[in-house]
Amino acid sequence: MNNPNTLIIILVVALVTAGLRFAPFLIFGRKQQTPPYITYLSSVLPYSIMAMLVVYCLRMIDFFSGSRGIPEIISCVFVCALHIWKRNTLLSIAVGTVFYMVLIQFIL
């Protein structure tokens with residue numbers, strides 16, 4: 001790819017991203033009440049996305065070959081326990097990622 005093509009791609013991606021960020025404000029405005037289905041989606045969508053990410057990450061684990069799957073299961077249990085204890089999503093994700101990396105690099 002040459003420089004003009006790269007610049008055009010970056011410009012298009014930036015415009016689409018900005019458009020998607022501004023779309024809810026343009027569609028619903030500040031004076032209108034948010035429709036109930038949007039409020040419902042905002043309450044359930046984050047949890048369903050996290051569940052899909054967990055399934056996606058754990059889908060290819062073969063529990064019957066060597067020690068594969070053990071760090072993943074230990075990390076999942078650790079993250080669940082940490083989240084139940086602290087109720088902080090960012091902390092759970094960050095500490096869980098570090099815990100998993102330590103498990104696969106140094107321990108298992």
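Guide: Before we look around, one term: contact means heavy atoms within 4.5 Å. By that rule, what covers the buried residues of α4 includes α3 (70-86). This is a predicted model, where local features need pLDDT of at least 70, side-chain atom pairs count only at pLDDT 80 or more, and totals for chains, interfaces and linings use all residues. Residues are numbered from 1 along each chain as its sequence is written, and side-chain values use heavy atoms, with hydrogens and water left out.

Visitor: What makes residues 89-107 a helix called α4, and what span does α4 reach?

Guide: Helices are DSSP runs (H or I, at least four residues), numbered from the N terminus. Helix α4 has 19 residues and reaches 25 Å from first C-alpha to last, close to the expected 27 Å. That expected span is 1.5 Å times one less than the number of residues.

Visitor: Which residues of α4 are called buried, and how do you know where they lie around the helix?

Guide: Buried means under 20% relative accessible area, exposed over 50%, partly exposed in between (1.4 Å probe, protein chains only). In α4, Ser92, Gly96 and Leu103 are buried. Down the axis of α4 these buried residues fall within an arc of 25°, so they line one face; the arc is that of the directions from the helix axis to the C-beta atoms. On the face turned away from the buried side of α4 you'll find the exposed residues Leu90, Val98, Gln105 and Phe106.

Visitor: Why is the pair Phe78 and Phe99 called stacked?

Guide: Rings of Phe, Tyr and Trp (its six-membered ring) pair if their centres lie within 6.5 Å; planes under 30 degrees apart count as stacked, over 60 as edge-to-face and the rest as tilted. One aromatic pair is counted by this rule. The centres of Phe78 and Phe99 are 4.1 Å apart and their planes are at 20°, so this pair is stacked. Phe78 belongs to helix α3 and Phe99 to helix α4, so the pair ties together parts 21 residues apart in sequence.

Visitor: Why is Phe78 called partly exposed?

Guide: Its relative accessible area is 28%, so Phe78 lands in the in-between class. Phe99, with 26%, is partly exposed too.

Visitor: What makes Lys86 a charge over the ring of Trp85?

Guide: The rule asks for NZ of Lys or CZ of Arg within 6 Å of the ring centre and within 35 degrees of the ring normal. The charged end of Lys86 is 4.3 Å from the centre of the Trp85 ring. Likewise, Arg59 lies over the face of Tyr56, 4.1 Å from the ring centre.

Terms used: Helices (H or I, at least four residues) and strands (E, at least two) are DSSP runs, numbered from the N terminus.
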